[in-house]
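Reader: I would like a close look at a single part of this model. Please treat it in one connected account.

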Amino acid sequence: MSKNIALLGLGAMGARMAANLLKADHALTVWNRTPEAAAALVRLGAKQAPTPRQAAAGADFVFAMLRDDKASRDVWLSPHRGALEGLKKGAIAIESSTLTPGWIRELGSAVAEQGGHLLEAPVAGSRPQADAAQLVYFIGGDDEILNQVRPLLMAMGSTITHIGPLGSGALVKLGTNALLGVQLTALAELIGLLKRSGADAASALKAIAGTAAWSPAANNLSGSMLAGSFSPQFPIELIEKDFGYAVDAAGSPEAAPTIAAARGVFQKAVAKGFGSENMTGVVQLFTKSSA
């Protein structure tokens, strides 16, 4: 059955999620800070709203896929234009952005005061997985609310894992990205070490890949770094933001020294002008003579 849905935020991920909801024949209203981003979706049948509040008005389900806590707070709570003011009683808000657990819990309280329900549903996966409706969802919130949202999530993803109460999904997403990023920085340093030592980096990594130390993610990460292919799927500046959130969740850099050190690598890459490149672009810090 078609649902009345709003989706807020049409960046690289949000636009792809919206397209899959339209493919599933749902009535969709979209909003984006830059209105031009909605043009392709409007041609596919979406309606476009001028504000988050107007997008949310009358919707049964309101999804958001935004950059960070600041953007999420503005889109949901901004006076007179925020989505929360348009949320009808009983509606379900679904936050799929990568955010801090504290903000998710605060937003949950605000949504409840409005008479709605919040489900957090951050995702693992990047642009190819979003295109293919193969996103992995980490759910925080109530089981009953999840059951109502599940068919919509399955129009965009392939796996749904209910972690626990609000905030727990954010923790798992930050943990996933931290683990990915730590592996990435280690591989980048290793490739630099191998090349500086005169070794054939590709052959050396192939040998390491035959051991238990290798992870499935390392294949794609190392392949991108060896090829020098850094077309953005998960930009450096965004994973650096997530590392910052993970360190904050830990309480201090001293409480998560490895995560904090890996964050420093991404911060240096941003400072070098690589922030808009794919996260694998950090290898340039260790292979370019100018780095």
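Reader: Why does Ser-126 count as buried?

Author: Ser-126 counts as buried because its relative accessibility is 15%, and buried means under 20% relative accessible area (exposed is over 50%, partly exposed in between; 1.4 Å probe, protein chains only). The model is predicted, so local features need pLDDT of at least 70 and side-chain atom pairs pLDDT 80 or more, whereas totals for chains, interfaces and linings use all residues. Residues are numbered from 1 along each chain as its sequence is written, and side-chain values use heavy atoms, without hydrogens and water.

Ser-126 sits in the loop that joins β7 (123–124) to α7 (127–131); helices (H or I, at least four residues) and strands (E, at least two) are DSSP runs numbered from the N terminus. Beyond its neighbours within four places in sequence, Ser-126 is in contact (heavy atoms within 4.5 Å) with Met-13, Leu-135 and Gln-233. With Gln-233, the link is also a side-chain to side-chain polar contact of 3.4 Å, that is, a pair of N or O atoms within 3.5 Å, one able to donate a hydrogen and the other to accept it within protein, with residues adjacent in sequence counted only if both atoms are side-chain atoms.

Among the buried residues of α12 are Ile-236, Ile-239, Phe-243 and Val-247. The buried residues of this helix pack against α4 (69–77), α9 (168–196) and α13 (257–271). Just after α12, Gly-251 adopts a positive phi of about 110°.
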